[in-house]
Amino acid sequence: MLIAQVSDVHVGGSRYREELLRTAIGEINAAEPDVVVIAGDLTDDGYPDQYPVAKRELEAIACAQVVLVPGNHDARNVGYVLFEDTFGPRDTRHRLQCGGLEVALVAVDTSKPDLDEGEVGREHYGWIEEGFAGDADVRIFVCHHHLMPVPGTGRERNQVLDAGDVISLLRQLRVDIVLSGHRHVPYVWPLAGMYIVHSGTVSTLRTRGFPHPAYNLITIEDGRIAVELKIPGGDKQSLGDYPRDWPEELAGRRHDPFVRAARGESLAND
C-alpha cells in the first residue's frame with residue numbers, strides 16, 4: 001500500500017508557489033498511490049476567492065481516493081463553511097481495500113474558527129471509536145494539528161489541546177499511523193504502538209527547521225512501514241523504515257490508567 005501525505009498548501013499566501021504544488025502533484029500521480037491524504041491548510045485565509053483555486057489545483061490529483069481535512073488557516077473568516085461547500089464534510093470515515101489490505105481511516109477536523117490551536121474534542125471520541133471498530137489490517141487517523149511537538153518549529157503554542165486524551169484513545173483503538181501537518185516540518189514520532197507522521201509544507205516557502213517544501217510517501221509492505229519525504233522536483237530522504245507490529249510491552253495498552261468518560265455523557269456542566 002502506498003500513501004501520499006500532503007499538507008499546508010496555503011493557496012493565496014504570499015509565499016505560496018503554484019509551480020511547487022503542480023510539480024508535487026505530477027510526481028504523486030506518477031507514483032500511483034492508493035490513497036492521497038491532504039492534511040489541512042489548503043488555503044491561506046479561508047477566503048471565497050482562495051477555495052476555487054485550491055479545488056482547481058487539487059483536482060489534478062489522479063488518485064481515486066483523496067481524503068481531506070481543513071486546517072486552522074482554512075477555518076479563518078468563516079472558511080470552514082466554504083470548505084464544506086467546496087470539498088464536502090470536514091470529518092469522514094472510510095473503509096478501503098488497498099493492496100490486499102483492509103484499511104480503516106478516520107479523518108477529523110481539529111480546527112476552530114480563527115484560532116491557531118486545535119482540538120479533537122470529546123464529542124468526537126465515540127465517533128472515532130466507531131470508525132475503527134471491527135477488523136482492519138491497517139488503522140489510520142488523520143488530522144491537521146500535531147499531537148506531539150515537532151522539533152525545529154520554535155516554541156510550542158498550538159498543538160491539539162486534548163492531545164493526551166487523543167493519544168490514549170488512539171493507542172487503545174490500535175491505530176497504526178497518525179497523519180498530520182500544521183508545523184511545516186516533516187518528522188516521525190514512534191509512540192505507544194503508533195507512528196505519528198508529520199508532513200512539511202508542500203507548496204510554500206514558509207519553512208522552518210527543515211528548509212525545503214516537502215511531502216511524504218508512505219509504503220506499507222511486508223510487515224514494514226517506510227516513510228520517505230520528497231522535495232517537489234528535488235531530492236528525497238528517508239524518515240525511517242519501521243516494523244508494523246510493536247511488542248505489547250512497548251505499546252503498553254494494558255497499562256494505560258486513563259479511564260474515559262462513558263460515551264454519550266457530557267461533563268460540560270460539572
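Modeller: A crossing of two helices is called left-handed if the near helix is turned anticlockwise from the far one by less than a right angle, and right-handed if it is turned clockwise. This is a predicted model, in which local features need pLDDT of at least 70 and side-chain atom pairs count only at pLDDT 80 or more, whereas totals for chains, interfaces and linings use all residues. Residues are numbered from 1 along each chain as its sequence is written, and side-chain values use heavy atoms, with hydrogens and water left out.

Biologist: Which handedness has the crossing of α2 and α3?

Modeller: The crossing of α2 and α3 is right-handed. Helices (H or I, at least four residues) and strands (E, at least two) are DSSP runs, numbered from the N terminus. The axes of α2 (residues 51–58) and α3 (residues 79–87) come within 10 Å and cross at roughly 35°. Such axes are lines fitted to C-alpha atoms, for helices over the stretch in contact, and the angles run from 0 to 180 degrees between N-to-C directions.

Biologist: Which residues of α2 and α3 make the contact?

Modeller: Contact means heavy atoms within 4.5 Å. From α2 come Tyr51, Ala54, Lys55 and Leu58, and from α3 Gly79, Leu82, Phe83, Thr86 and Phe87. These residues divide into six nonpolar, two polar and one charged. Ala, Val, Leu, Ile, Met, Phe, Trp, Tyr, Cys and Pro count as nonpolar, Asp, Glu, Lys and Arg as charged, and the others, Gly among them, as polar.

Biologist: Why does Leu58 count as buried?

Modeller: Buried means under 20% relative accessible area, exposed over 50%, and partly exposed in between (1.4 Å probe, protein chains only). Leu58 has 10% relative accessibility and therefore counts as buried. Not counting residues up to four places away in sequence, Leu58 touches Leu21, Ile25, Ile38, Leu42, Leu68 and Phe87. The C-alpha atoms of Leu58 and Ile25 are separated by 7.9 Å, although the two residues are 33 apart along the chain.

Biologist: What makes the aromatic pair of Phe83 and Phe87 tilted?

Modeller: Rings of Phe, Tyr and Trp (its six-membered ring) pair if their centres lie within 6.5 Å; planes under 30 degrees apart count as stacked, over 60 as edge-to-face, and the rest as tilted. For Phe83 and Phe87 the centres are 5.4 Å apart with 45° between the planes, so the pair is tilted.

Biologist: Is Phe87 buried, exposed or partly exposed?

Modeller: Phe87 is partly exposed, because its relative accessible area is 22%. Phe83, at 1% relative accessibility, counts as buried.

Biologist: Why does Asn72 count as buried?

Modeller: Asn72 has 2% relative accessibility and therefore counts as buried. This residue is found in the loop between β3 (66–69) and α3.

Biologist: With which side chain does the side chain of Asn72 make a polar contact?

Modeller: The partner is the side chain of His182, at 3.2 Å. A polar contact is a pair of N or O atoms within 3.5 Å; within protein, one must be able to donate a hydrogen and the other to accept it, and residues adjacent in sequence count only if both atoms are side-chain atoms.

Biologist: Why is Ala104 buried?

Modeller: Ala104 is called buried because its relative accessible area is 0%. Ala104 lies in strand β5 (residues 101–107).
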